[in-house]
Amino acid sequence: MTDLLAPQSSPTQERRLVTEIPGPRSRELMTRRSATVSAGVGTTLPVFVARAGGGVVVDVDGNSLIDLGAGIAVVNVGNAAPRVVAAVQEQVAAFTHTCFMVTPYEGYVAVCEELARVTPGDHEKRSALFNSGSEAVENAVKIARVATNRSAVIVFDHAYHGRTNLTMALTAKNMPYKNGFGPFAPEVYRVPMSYPFRDADGLSGAEAATRAIRQIETQVGAANVAAVLIEPIQGEGGFVVPASGFLPAVAEWCSQAGAVFIADEVQTGFCRTGDWFASEHEGVVPDLITLAKGMAGGLPLAAVTGRAELMDAVHTGGLGGTYGGNPLACAAALASIETMRELDLAGAARAIGDTMLPRLRALQERVPAIGDIRGRGAMIAIELVKAGTTEPDPALTAAVARHCHAQGVVVLTAGTFGNVLRFLPPLVIGQDLLSEALDVLDAAFAAVS
Ligand SMILES: Cc1ncc(COP(=O)(O)O)c(C=O)c1O
């Protein structure tokens with residue numbers, strides 16, 4: 001391990017349970033939480049965090065949990081990564097906010113320069129910075145509409161794009177994201193995704209694309225389409241990896257139809273899938289790309305990066321926001337990107353996948369409820385079904401997750417049917433910890449199946 005992977009200040013890289021999970025101090029805090037925080041804000045695992053770093057989260061009772069969630073694909077470089085901490089400390093002492101639209105600063109510009117370098121394609125690019133993935137997606141749609149002078153936006157089954165009004169409309173799943181929150185924004189049209197585990201056997205990526213495109217052409221009309229918005233690997237939808245050929249065919253249709261192809265890489269971006277961006281695995285160059293999560297090592301920062309002619313089609317003052325591209329978040333992003341490059345975190349993500357996939361396949365041999373194993377790099381999921389069928393088993397999924405939590409491993413669930421266990425470790429997690437987490441998962445299946 002290099003110094004950057006195991007900084008002096010980082011908590012000991014171990015799973016250590018000293019109380020039941022959650023422990024007494026966490027339970028106390030949960031009581032306070034319930035009395036003051038809206039019930040609408042959920043909790044996956046009710047342990048309160050004291051510190052986190054590398055591949056562990058340490059709670060207020062002194063338990064050290066293995067982190068296979070990375071704050072939902074955010075701390076790709078690790079929690080409190082040393083370079084990020086140093087950059088933010090330096091920035092916070094210099095100035096905290098001026099508003100980039102009032103008096104600009106270099107950090108914002110430097111982040112946009114980095115985004116032009118790391119995102120797919122060597123065309124002329126521009127970026128604009130925001131605070132959250134939802135906000136980036138909203139702005140990508142605004143840009144596409146202005147640039148094309150069209151209004152329709154195409155999205156896919158199982159898609160997740162956020163919780164604001166427009167992004168709720170773009171998101172597929174009703175509970176918990178949309179239920180009761182309508183009316184939703186108009187001019188959003190949903191078409192079938194390529195979902196190899198659930199599609200008819202042997203449906204190729206090209207055929208799945210034809211199915212989607214036929215629906216767009218017949219129900220919306222190509223000339224009305226401002227943008228096709230897609231996650232190259234779906235996140236909350238259950239890490240659905242489309243069949244090979246699907247993304248390039250959809251992108252090609254967009255270019256023929258004069259529609260903007262927007263890749264939502266909020267969850268897949270920044271080395272998570274074993275390359276800087278998931279679009280690259282199929283050589284797809286998006287017109288616009290939405291970014292957030294892994295970008296800034298845990299500070300809130302998001303971006304739309306894309307073709308200069310689209311990004312510059314917007315009238316001056318049409319994009320922005322008080323906090324967008326906050327200087328602390330920009331300093332954190334520059335430090336994170338440098339860390340990703342220096343530590344080759346794309347390579348680290350591939351190594352994580354190489355460790356996980358054979359272990360999960362061996363587990364599948366013993367557990368017939370594991371219907372599918374999929375993902376790329378350090379974005380891996382298993383879909384649980386009633387044995388021998390494709391009928392989702394959300395109860396088993398929840399039980400396995402609960403068991404892992406109780407044994408000190410943070411895992412997340414996902415999927416339209418709530419039957420997907422997803423793994424998103426920080427890319428700096430040690431192989432020993434990862435392997436131990438997989439032992440716990442193995443034992444969880446033995447205990448609950
Ligand atoms: C693909 C994708 N798009 C958009 C979002 C929304 O991002 P945020 O929660 O930062 O608003 C998410 C969040 O999970 C996401 O995974």
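Reply: Two residues are in contact when heavy atoms of theirs lie within 4.5 Å. The model is predicted.

Me: What is the mean pLDDT of the protein?
Reply: Confidence is given for each residue on a scale from 0 to 100. Of the residues, 98% reach 70 or more. Over residues 1–8, however, the pLDDT is below 50, and that stretch has ten contacts beyond near neighbours in sequence. For the protein, the mean pLDDT is 97.

Me: Leaving aside neighbours within four places in sequence, which residues are in contact with Glu436?
Reply: Glu436 lies in helix 13. With a relative accessible area of 27%, Glu436 is partly exposed. Once the neighbours within four places in sequence are left aside, the contacts of Glu436 are Arg15 and Ile66.

Me: What distance separates the C-alpha atoms of Glu436 and Val37?
Reply: Along the chain, Glu436 and Val37 are 399 residues apart.

Me: How far does helix 12 reach from its first C-alpha to its last?
Reply: Helix 12 covers residues 394–406, which is 13 residues. At 1.5 Å a residue, a span of 18 Å is expected. The helix comes close to that, and its reach is 18 Å.

Me: Against which elements do the buried residues of helix 12 pack?
Reply: Buried here means under 20% relative accessible area. In helix 12 the buried residues are Leu396, Thr397, Ala399, Val400, Ala401, Cys404 and His405. They pack against strand 3 (64–67), strand 12 (379–384), strand 13 (409–410), strand 14 (412–414), strand 15 (420–423) and helix 13 (431–448).

Me: Which residue just after helix 12 takes a positive phi?
Reply: Helix 12 runs over residues 394–406. Just after this helix, a phi of about 85° is found at Gly408.

Me: Why does Glu187 count as partly exposed, and what is its phi?
Reply: Glu187 sits in the loop between helix 6 and strand 6. Its relative accessibility is 31%, so Glu187 counts as partly exposed. Although Glu187 is not a glycine, its phi is positive, at about 65°.

Me: What is the phi of Lys293?
Reply: Lys293 belongs to the loop between strand 9 (288–291) and strand 10 (302–307). A relative accessible area of 21% makes Lys293 partly exposed. Lys293 is a residue other than glycine, yet its phi is positive, near 35°.

Me: Which residue does a cis peptide bond join to Pro183?
Reply: Pro183 is in the loop between helix 6 (165–170) and strand 6 (188–191). Omega of the cis bond is about 5°, and the partner of Pro183 is Gly182.

Me: Which residue is joined to Pro22 by a cis peptide bond?
Reply: Pro22 is placed in the segment before helix 1 (24–36). With omega at about -5°, the cis bond joins Pro22 to Ile21.

Me: Which element gives the most to the lining of the second largest pocket?
Reply: This pocket holds about 430 Å³ of space. Its lining has 21 residues, with Phe100, Tyr108, Ser127, Ala128 and Leu319 nearest the centre. Helix 4 (106–118) and strand 4 (125–130) each supply at least two lining residues. With five residues, the element that gives the most is strand 4.

Me: How many residues of the lining of the second largest pocket are charged?
Reply: Asp, Glu, Lys and Arg count as charged. The lining has eleven nonpolar and eight polar residues, and its charged residues number two.

Terms used:
Residues numbered from 1 in each chain as written. Predicted model: local features only at pLDDT ≥ 70, side-chain atom pairs only at ≥ 80, totals over all residues. Heavy atoms only, no water. Helix = DSSP H or I, 4+ residues; strand = E, 2+ residues; numbered from the N terminus. Expected span 1.5 Å × (residues − 1). Buried < 20%, exposed > 50% of the residue type's maximum accessible area, 1.4 Å probe, protein only. 1 Å grid on protein atoms, 1.4 Å probe; cavity = no way out; pocket = protein on both sides within 12 Å on 5 of 7 lines; lining within 4 Å. Points joined across faces, edges and corners; volume = space filled by probe spheres on them. pLDDT = per-residue confidence, 0-100.
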